[in-house]
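Subject: Structure handover

Hello,

The structure is below, with my notes after it. Please read them alongside the coordinates.

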Amino acid sequence: ETFRWAGKTDPQTMDPHAVNSAPVLGFLNNVYEGLVRRNKNMAIEPALATSWEPIGEGKGWRFNLRKGVKFHDGSDFDAQDVLFSYQRASAEESDTRSWFAPVSDVKVVDDYTIDIMTKAPNPIFPDSIANWMIMDSGWAETNNAARPDKEKGNFATLNANGTGAFKLTDRQAGLSTTLKPFEKWWDKAEHNITEATFTPISNPATAVAALLSGEVDMINPVPIQDAARIDGKGGTKVIRGIEARVIMLGFGHDHAELKYTSDAGKKNPFQDASVREAVAKAINVDAIRVTIMRGSAEAASQLVSPAMRGYSEANAARTAYDPEGAKKLLADAGYADGFSFGLKCPNNRYLNDEAVCQAVTGMLAQIGIKAELDAMPVQNYWPELRGDNYDMYLLGWSPGTLDHEHPVRFLVTTPNKEKKLGSWNFGGFSNARVDELLPMIQSEIDDKKRQAMIDEVVSIYQSEHAYVPLYVQPLVWGIRDNVTLTQRPDNFFILRWARVN
Amino acid sequence: MAMLKRVIDSDLFWSFRQSPVAMISAFVALLLMLSAVFAPLIAPHNPFDPASLNLMNGFSKPMEPNQFTQDVFLFGTDDQGRDVFSTILHGMRISLFVGFAAVLFAMVIGVVAGLVAGYVGGRTDAFIMRIADIQLTFPSILVAMLIFGIAKGFTPVDMRDQVAIWVLIISIGLSDWVQFARVVRGAALVEKKKEYVEAAALVGRKPTAIIFLHILPNVLSPVLVIATISLALAIIAEATLSFLGIGAPPTEPSLGTLIRIGQGYLFSGEWWILFFPAVTLLLLALSVNLLGDWLRDALNPKLDD
Amino acid sequence: MTLLDIKNMRVEFPGRHGVFTSVDDVSLSVAEGEILGLVGESGAGKSTVGNAVMGLLQSPGKMVQGEVLLHGERIDQLSKADYRCIRGKRVAMIFQDPMTSLNPIETIEHQLMETILTHLDISREDARKRAVDLLDQVGIPDPAVRIKQYPHQFSGGMRQRVVIALALCVEPELIIADEPTTALDVTIQAQILQLIKDLCRDRNLGVILVTHDMGVIAETADRVAVMYRGRLIEVGDTEQIMSDPKEPYTRSLIAAVPPSNRKIDRFPKVAIEESDGNALQNFDLQSHWLGQGDAFDTSQVNLLEVSDLHKRFVVQKAFFKRNRKYLDAINGISFNVKAGETFGLVGESGSGKSTVARVITGIHSASGGAMRFAGQDLIGKEGARRQDDLRRDIQMVFQDPYSSLNGRMKVSSIVAEPIIVNKLASSKEERNEVVMDLLELVGLGKDAARKYPHEFSGGQRQRISIARALATRPRFLICDEPTSALDVSIQAQILNLLKDLQDELKLTLLFISHDLPVIRQMCDRIGVMRHGDLVEVAETEALFEQPQHSYSQTLINQMPKFAK
Amino acid sequence: MISYILKRAMQSVVVLFAVGLVAFGMFRFVGDPIDNLLGQERTEADVERLRELLGLNDPFVVQYWNFLSGAFQGDMGVSYRQGRPALEIILERLPATLELAMVSAALAMVMGILLGIYTAINRKGFITTTILTTSLIGVSLPTFLIGILLIYVFAVEFGILPSFGRGEVVDLGWWKTGLLTWSGIKALILPAITLGLYQMTLIMRLVRSEMSEILKQDYIRFARARGLTEKTINFRHAVKNTLIPVITVAGLQIGSIIAFSIITETVFQWPGVGLLFIDSVQFVDIPVMASYLMMISVMFVGINFIVDMLYLAIDPRLRDGKED
Ligand SMILES: Nc1ncnc2c1ncn2[C@@H]1O[C@H](COP(=O)(O)OP(=O)(O)OP(=O)(O)O)[C@@H](O)[C@H]1O
Ligand SMILES: Nc1ncnc2c1ncn2[C@@H]1O[C@H](COP(=O)(O)OP(=O)(O)OP(=O)(O)O)[C@@H](O)[C@H]1O
Ligand SMILES: [Mg+2]
Ligand SMILES: [Mg+2]
Ligand code: NI
């Protein structure tokens, strides 16, 4: 069966190591494979490695490789390819380099065994390399693509040679990409697809129309408000899920003064934790969920969704909506008359991001603090955040490792260039205990102990109200009735699970 | 008083009274403009005051009680629970101001540049027209970003809002003037060869006077066509630029922004968010264009039919 | 058998200030082979009658009453399509204003050929041949070359002849010729009139010949109809009308024809019994605004000195100079105009008279030679480069009044313009007064002020143009066929005014005309032009009595005689 | 003639330089490409390294100069997004846009002129009023909305036309055309209408306004007196005299259709340069934007040159210049 699907953005490259972004990795997961892969429930399962085990008390991991695996061009897969892919993916030019930060060495034991040594004990290492894709060393070298080249591009930018269930047969950057099943794939195919074409459709309404008219079999995403209609019309339906992404409000913790509005220059009230708490209390997440998100989202209490590893059950309660309490807090903090500040918001990054910010503005206004909303496209947004041009901002975070450690490392620890920590902690939130706990979490092998430490971190950032988590972004895909597929929370569309009836 | 009498006495007013279409159009346009000006007095709500909004009112159907709050809204509400009717009234203030000002700006620059280029010719013409070529290369989005970026460097933070509106006007105006300039230049090239221009020069009219008193009235009709037709476009352009974070904040949606928001609900059944603002814009554009049609005919003494 | 019958025609122009009745209860008929002369006051409605017959009244004009019958069949109620079949093929019309009658962006050839091909079923080749032939018949030199040109490259008289050729394309049954020879010199005029007469005789076609020129009427028309104020006041045989007019207006009209055989001081005035707004009022120049300008310094003998003046037009552009084609419109002429005199310029149509005027006024630049005005060099001072006072001193009445008026301006503004520019009035009130007064001086009346140029008759437009030129209080006035569309009575009024100005203020005139009797009355000295050369310059009487050059002789001999 | 062309060519070079300068001055404000090029796990060092590599730390004049010197050797830079030469990408996308632009321009011109003539001749009346008012709907509503509505009606409800894309294309080697396949033609209909609607209305109203004026000229009356058919009068004499403003606007519009049919191309996911451009803006793909703007300015210079030449072809009065 032929299968056509559409997404919002085109994967910008076919090189699995050049760009670490969801559209690219999600797409290439169908073409390339890693040592491990995630199953329908996001759990790790064997792929090119048949098994793995820790070696030498936290020194590293040993992977036993699968035999008889062939690349799409017919060459064989062995440990050399893994080593090559390691070198390639961790090279300076690679965007995936950070995955290998804990790695100290990679040793080929024999053709089908490879050891990956880590600098410190790393319990989640196999989890963190689910998107590390293995490339054929011979193919890459003959085609002068031994290193990814993001700036100029190379052979691997437009061509692919993986071991995955599908091989790339046609690539027209920005227009369409066609896949065909790989007959010599090592695993048993679950799908019944003979050819699959991906088309980027940047305009959501057009994508909906294309689905409704039957020109595509699946679209991702569906604008939330159109879900009901797609469900209501015969022939199409919507599948919903919870994405890994948590939407939150952030503050300029290290700004001494407000930067925007007529109050610019005054002391920054958000440095006061009780003001931040007031913000948390002021926001009626339920109302946002019911109206703007049409009931699809789920309120969030922490920086990861319950589906993620390390989710803190102990801190599952979210600050309750309590405008009166918020007003009181403000009054106690000395802001009975309120103040005004600048709220920055992207308008094309997250689902209904601008609408959510407007709602937030309204809710904050009701407790007497006036947000001046400045919404802009994402390409202008990040430079603003980096330039510290905000008093409060909206951020969505999706943990690449599907682990709570991820947002803690990027968002909560004190920014530190050398140690590469806190690189997305724009507001510069800083807590010594969190900084202390992070390395311990990273190297703790015992799950229980690890969770306890995570729980502590969560309780710190919750009580400090470092961020105000709002909700977990919903995942809404639209499909034709005759299609069955599996929706994974990382928003990757895995073609080999799709069937057209 | 004397002014008024002159106006009432004028041929223009006379021909206005002869044309029912012009009178109806003028009435509609005036009504829209007045309701924009007096929006705070007419509108039942103040949609620009975030504190007065209740999110639970969102997506109320026109004239039907909201399922949560039981509030009733004439034209329904949008995703934020803003009363669409009030938002249209308030939003029109920005849209009308930006729209008219931008078109006027483009028209003035374009007409002057075109007349000068066409009449003077030679190097002046080449210079102006090459600038036009450069301008044509840049879409209004980029122009807006440039101007916005520069303006940001000069203005204190609390003035941003006032500046933003001028950035919008200038960017939209700049990307539109070439059209006027080239059309006027083309027409002026033809007109300046006519004998009445020679006659005017002979009695001692200076080039500037010839350009504005003689040639301009004779090239005005295409200018009017383009100007009236660009109005709706400028209003929509304002919304596009505001989306880029350049213009009005999203908490103060203009008519164009309201339409842009409404477009998102085209398939989902909340038709009123799009419908009423779009009809308003349509009415505005129609009345302005029909008024323009009349004016063009009225200014042409030969067209008295 | 009557060819055309007009019964009780009434034409109205509704407007903001009421309905203007342009033609009132006019009944006329033309027989086959007959030439009916239609004369009358400027603005009497002559052209309107013609337009109404053609069904081509300018909107909002309407024929509200009456019938037009062609060969006994009513045509005024025909459908658009049926009317079209009559126009051009059965009834042709020569419009009064040849300058604006031609499509400016098509070649003469194109316009001729499409007319021929619309009506005649002949090949393109034959049509082209016929077109060239027609141009030749109307006396256009070099027709095969000229036919490729555009209207603006033709002189006024040449365009008029093209329009005539267009009307004659398919030999219609009836020709309405509205002032067909106003811009033609006497030789060509004679040739054209002969052509029309021949057609009448040979093909039995009827002609309505609208003209102000009594000489032409006397020589050509079989019968004459006289119009006055929209009404037909008298119809009769040419003989009878000329020698024994019944109506006082006709009588005064004939009395006003300037004599061609002697020079008189002033043109005879028309005395009409009914006095009204349009009639000339006596006025005292001394106390009049026009007379208040400083009398000009006439110490200089020669106000204008022109020597070896050249003007060459590029008629075909090419990158390489040798491939270009030129036309020498003025071919090295020299003459002087003395202060306070009237210098006449006559000559063949297309000989370069208007070009001389345009070069002097700085509209065109000279290609060579020298020009001095009151001691100042004029070469290199075209358009805006000319100093204000110098420009104000030299003014011109354009040959084509209509296109020299801005159609979007009211007459009041047009006439006021020079006053404003040159600050000749101290206040707005004074300015308005002067404008009204000027309009009245040229016989237009106050109502004209609030109208636009297109609402006027040909002669009326010409007078607007004159009023504008006078409004600068010029020192040197070039008149390019200033009275070609005026009936003799108004012509007398205007020319007398010019003479008065000359006497009082020492106004200097360069007077271009084809009308030799007028030239004889007006001018002190005359230059005769032909093919871009000035073939003879002489004192007026000397020229008329003893022309030296052979071309001058032909010209004088061909002058239509109208003996009273 | 040749000297005129040379002069214009010289001027165009200056225009190109200026365009480049303005463009690079602008790029500082369009956002930061780094965020798109690096994933969320990037480090400060990565950012710094890439900035240095792409020359983003240089002052814009230096960036401009580097671009220019590259361009001089035929190298317009490599797309950040696709890792391919920018020029190659643009040229690859151009046929789609050109086909769309030409079809919709032709549609707009033919319909615009015909309707303009009709409404000029019949100045009053029901049909005229209807045409004049309904055509305004097309220019009063956002293109986006019109596009989506068309898609909704013809693709979703009737299912007779595709909602996106270009259909099947035939590769002619140097040109990929959609005009040779049925699906390609079907795919072209809706975008062409969406895109042409505005131009059609504009041209129609221009023709009408100019022509109403021309029809009152004496030479039109005289043409009637000569017995010419209404067809000749309207289509030859009157239309030709209205052409100068019309071709001016048409030239500009064709230019902007090709250059900035952003919205239409986005709505219909039309794989042309407009879509490429908006993608590039969103991605802050500076090399593509720069080469693209260069190409556009060359195009506009060309179009305006042609328009100026057409003036001369149409109106003989403009031909005789000062040289004599
Ligand atoms: N379009 C118009 N609108 C209003 N009045 C007009 C219009 N055309 C002509 N008239 C008036 O109708 C009258 C008759 O004009 P017509 O052109 O027939 O005069 P005429 O006898 O041909 O004069 P002339 O010898 O000066 O050409 C004039 O008084 C003129 O003002
Ligand atoms: N712009 C021009 N381009 C080319 N040739 C021109 C131009 N203007 C005038 N001519 C030519 O110059 C010659 C002289 O024209 P001009 O108008 O001076 O004649 P004229 O003596 O005034 O004739 P008429 O009595 O017919 O008005 C004519 O052959 C004419 O065709
Ligand atoms: Mg007349
Ligand atoms: Mg002449
Ligand atoms: Ni005469």
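A polar atom of the Gln462(A) side chain is 2.9 Å from the backbone oxygen of Ser301(A). Gln462(A) belongs to helix H15 (residues 447-464) of chain A. With a relative accessible area of 18%, Gln462(A) is buried (buried means under 20% relative accessible area, exposed over 50%, partly exposed in between, with a 1.4 Å probe and protein chains only).

Some conventions. This is a predicted model, in which local features need pLDDT of at least 70 and side-chain atom pairs count only at pLDDT 80 or more, while totals for chains, interfaces and linings use all residues. Residues are numbered from 1 along each chain as its sequence is written, chains are lettered from A and ligands numbered from 1 in the order in which they are written, and side-chain values use heavy atoms, leaving out hydrogens and water. Helices (H or I, at least four residues) and strands (E, at least two) are DSSP runs numbered from the N terminus, and two strands pair if DSSP finds at least two bridges between them. Axes are lines fitted to C-alpha atoms, for helices over the stretch in contact, and angles run from 0 to 180 degrees between N-to-C directions.

Chain A sheet. An open, antiparallel sheet in chain A has 4 strands in the order E4-E5-E7-E6. Its edge strands are E4 (49-55) and E6 (103-110), each pairing on one side only. From one strand to the next the twist averages 20°. E4(A) and E5 (residues 60-65) of chain A run antiparallel and are joined by 6 bridges; Ser51(A) has Asn64(A) in E5(A) as its bridge partner. Helix H2 (residues 79-89) of chain A lies across E5, E6 and E7 (113-118) of that chain, at about 165° to E6(A).

Chain B helices. Helix H2 (residues 11-18) and helix H3 (residues 20-37) of chain B have axes that come within 5 Å and cross at roughly 95°. H2(B) is therefore roughly perpendicular to H3(B) (65 to 115 degrees; under 35 is roughly parallel, over 145 roughly antiparallel and the rest oblique). Phe16(B), Arg17(B) and Gln18(B) of H2(B) meet Pro20(B), Ala22(B), Met23(B) and Ala26(B) of H3(B). The residues of this contact divide into 5 nonpolar, 1 polar and 1 charged (Ala, Val, Leu, Ile, Met, Phe, Trp, Tyr, Cys and Pro count as nonpolar, Asp, Glu, Lys and Arg as charged, and the others, Gly among them, as polar).

Chain C. An open sheet of 6 strands, in the order E6-E7-E8-E3-E9-E10, has mixed pairing. E6 (91-94) and E10 (231-237) of chain C stand at the edges with a single partner strand each, so one side of each is left without a neighbour in the sheet. The twist averages 15° from one strand to the next. E6(C) pairs in the parallel sense with E7 (residues 174-178) of chain C over 4 bridges, and Ala92(C) has Ile175(C) as its bridge partner in E7(C). Helix H11 (residues 248-255) of chain C lies across E3, E9 and E10, at about 105° to E9(C).

Chain C also has a hairpin of E19(C) and E20(C), with 2 residues between the strands; His531(C) there takes a positive phi near 50°. E19 (residues 525-530) and E20 (residues 533-539) of chain C pair in the antiparallel sense over 6 bridges, and the partner of Arg530(C) in E20(C) is Asp533(C).

Regards

Conventions
Contact = heavy atoms within 4.5 Å. Polar contact = N/O pair within 3.5 Å; in protein donor to acceptor, adjacent residues only side chain to side chain.
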